[in-house]
Amino acid sequence: MIVPLTESDTFTTDTKTESHKPLYEPNGVKQPNVSYHFNPDVSKYHYGPRHPMKPFRLMLTDHLVISYKLYELMDLYTPRRATKEELLEFHSQDYIDFLQSVTPDQVSKYVDNVLQRFNIGDDCPVFDGIYDYSLIYAGASLDATRKLMSGMSDIAINWSGGLHHAKKAEPSGFCYVNDIVLGILNLLRVHPRVMYIDIDLHHGDGVQEAFYTTDRVMTVSFHKYNGEFFPGTGSVDEKGIGKGKNYAINVPLRDGIDDESYVRLFKLIVEPLITMYQPTCIVQQCGADSLGFDRLGCFNLNIRAHGECVKYVKSFGIPMLVLGGGGYTPRNVSRLWCYETSVLNDVTLNAKLPNDLPSHEWFGPDFSLHPQLDGRIDNKNSKKYLDSVRQTIMEQIRYLSHAPSVQMREIPPDLTGLTDEEEELIRELNEENYREQAESKDVAKEVHVD
Ligand code: V1D
Ligand code: CA
């Protein structure tokens, strides 16, 4: 019996065609060199059962990046951990000593004022491997900066980094060490001006504070602000002080901002800032808690809109360090950062997630890269309010008449990123090699003489 085809049968893709669909399609011309810095050990750590920060979101991200075969397009690195000395470039000795020695079973032995002094509590608990975790994500950001500084990468990505709240002598807002400040300090060894752009839902206070008095780093943060929302800072009036006056830019937003108004405001503010400041390197923190439906979030952004802000910064063709940050709905965090990896490689991904994705069950029922994330929260950002924020920032930009120049002192390059122990080992191996070569030459001479 012949069963008549219905219209939907006619347009159903057969399994063979489906399995031959490309996972990504190239878009552009000559591509910048992109590197991906990821140490899989970072996803094993656990802040605690009720804590919203879930490092396994980084494993989900990596699964998506692998399943879409984006690794074919990038230089992949498994970075070493940061060293204690590297952390001390920004953090205080007593805080790092504390972080290194504290353990969950010992924490009760510390007197309360020590725990208070180091801001240990619900936001920043002591968990197993807290120090190692910090070394891993900071090591990845430092590795990425080394590839940018040596010119081996034009764009370097570390989704495990972007922990923007950590302070010199204490953790804050789920962040223990500030890999962004450490990364920027390293970049400043060769770059006269670094621009920091933060699109996490929260204010990038730790980075702003670290560079508040210098004109060599311009910090720009877009965030929810009402004076109370964590961390409580980020009003448009925080502009920097001394030499740093006007080099801190804050874009305070209300609940529920939508794709169109966010992307429009982002471009209208970022374009004149880049043009005036002429950064030689840009660090973008891509916190995913600014997406709609985030567990801690209150914006209405879709993945494409968030990614458009990354695409826009990339379009200036300036070397970029791209980092993660917040993001508390793991399936959407990983979708976003995989999508942004594709944007940075200038390819278009098939919106249907690959079938062989190891953590497929996390992405149902739609199994799409682009679930609809807008419309949950009322948009409290009137056009009038956004225009007034923009106007205030344009007035601030007027004081930035030209890019400040800096006399670069000779700075030891140290671009290999090798530790003293590794350098010593290489020296020993080389010496051994030379000795062996010399010995074999002597043997050859003897043979020749014979
Ligand atoms: F909901 C929670 C459950 C357990 C532990 C903490 C939280 C939680 C939610 N929101 N903590 C917060 C924020 N803390 C407060 C404190 C209350 N106190 C008086 C202050 O409101 C902290 C939010 C941190 C956001 C971090 C980040 O997304 O910006 C980030 N960026 O990079 C890494 C993290
Ligand atoms: Ca922000």
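Me: How are the donor residues of the calcium ion (ligand 2) spaced in sequence?
Reply: The spacing is D-x1-D-x1-H-x18-S-F. Keep in mind that this is a predicted model.

Me: Which parts of the chain does the pair Asp200 and Phe222 link?
Reply: Distant ones, 22 residues apart. Asp200 sits in the loop between β5 (194-198) and α9 (205-210). Phe222 is in strand β6 (residues 217-224).

Me: Which atoms coordinate the calcium ion (ligand 2)?
Reply: Asp198 gives OD and Ser221 gives OG. Asp200, His202 and Phe222 each coordinate through O. The range is 2.4 to 2.9 Å.

Me: Asp200 and Phe222: buried or exposed?
Reply: Both are buried.

Me: Switching to salt bridges. How many are there?
Reply: The count comes to 14.

Me: What does Arg81 pair with?
Reply: Asp132, with the closest N and O atoms 2.8 Å apart. Arg81 lies in the loop between β3 (75-77) and α4 (84-87), and Asp132 in helix α7 (residues 130-149), so the bridge ties together parts 51 residues apart in sequence.

Me: How accessible are Arg81 and Asp132?
Reply: Arg81 has 30% relative accessibility and counts as partly exposed. Asp132 is at 24%, which also makes it partly exposed.

Me: Which residues are in the network of salt bridges with Arg81 and Asp132?
Reply: Asp41 and Lys44 are linked with them in that network.

Me: And what does Lys84 meet in a salt bridge?
Reply: The side chain of Asp97, at 2.7 Å from N to O. Asp97 is in helix α5 (residues 93-101) and Lys84 in helix α4, so parts 13 residues apart in sequence are tied together. Asp97 is partly exposed, with a relative accessible area of 31%.

Me: What about Arg335, what is its salt bridge partner?
Reply: Asp366, and the closest N and O atoms are 3.2 Å apart. This pair links distant parts of the chain, 31 residues apart. Arg335 belongs to helix α12 (residues 330-344), while Asp366 is in the loop between β10 (347-349) and α13 (383-398).

Me: Is Arg335 buried or exposed? And why is Asp366 called partly exposed?
Reply: Arg335 is buried, with a relative accessible area of 1%. Asp366 has 38%.

Me: Where are the cis peptide bonds?
Reply: One joins Phe230 and Pro231, with omega about 0 degrees. Pro231 is in the loop between β6 and β7 (248-253). Another runs from Gly364 to Pro365, with omega near 5 degrees. Pro365 lies in the loop between β10 and α13.

Me: What is the phi of Phe367?
Reply: Positive, about 50 degrees, although Phe367 is not a glycine. Phe367 is also found in the loop between β10 and α13. Its relative accessible area is 27%, so it is partly exposed.

Me: And what is phi for Asn119?
Reply: Near 50 degrees, a positive value in a residue other than glycine. Asn119 is placed in the loop between α6 (112-117) and α7. Its relative accessible area is 32%, so Asn119 is partly exposed.

Me: Surface now. Which residues gather in the patch of negative charge?
Reply: Glu428, Glu431, Glu432, Glu436 and Glu439. Glu432 lies in helix α14 (residues 420-449). At 39% relative accessibility, Glu432 is partly exposed.

Me: Which residues form the nonpolar patch?
Reply: Ile66, Tyr71 and Leu76, with about 260 Å² of accessible area together. Tyr71 is in the loop between α3 (56-67) and β3. Tyr71 counts as partly exposed at 33% relative accessibility.

Methods:
Residues numbered from 1 in each chain as written. Chains lettered and ligands numbered in written order. Predicted model: local features only at pLDDT ≥ 70, side-chain atom pairs only at ≥ 80, totals over all residues. Heavy atoms only, no water. Donors = N, O, S within 2.8 Å, 3.2 Å for Na, K, Ca; no water. Helix = DSSP H or I, 4+ residues; strand = E, 2+ residues; numbered from the N terminus. Buried < 20%, exposed > 50% of the residue type's maximum accessible area, 1.4 Å probe, protein only. Patch = residues over 30% accessible without salt bridge, like charges linked within 9 Å, V, L, I, M, F, W, Y side chains within 5 Å. Areas by Shrake-Rupley, 256 points an atom, 1.4 Å probe, with all protein chains shown as cover. Salt bridge = Lys/Arg side-chain N within 4 Å of Asp/Glu carboxyl O. Lys, Arg positive; Asp, Glu negative; His and termini not counted. Charge placed at Lys NZ, Arg CZ, Asp CG, Glu CD.
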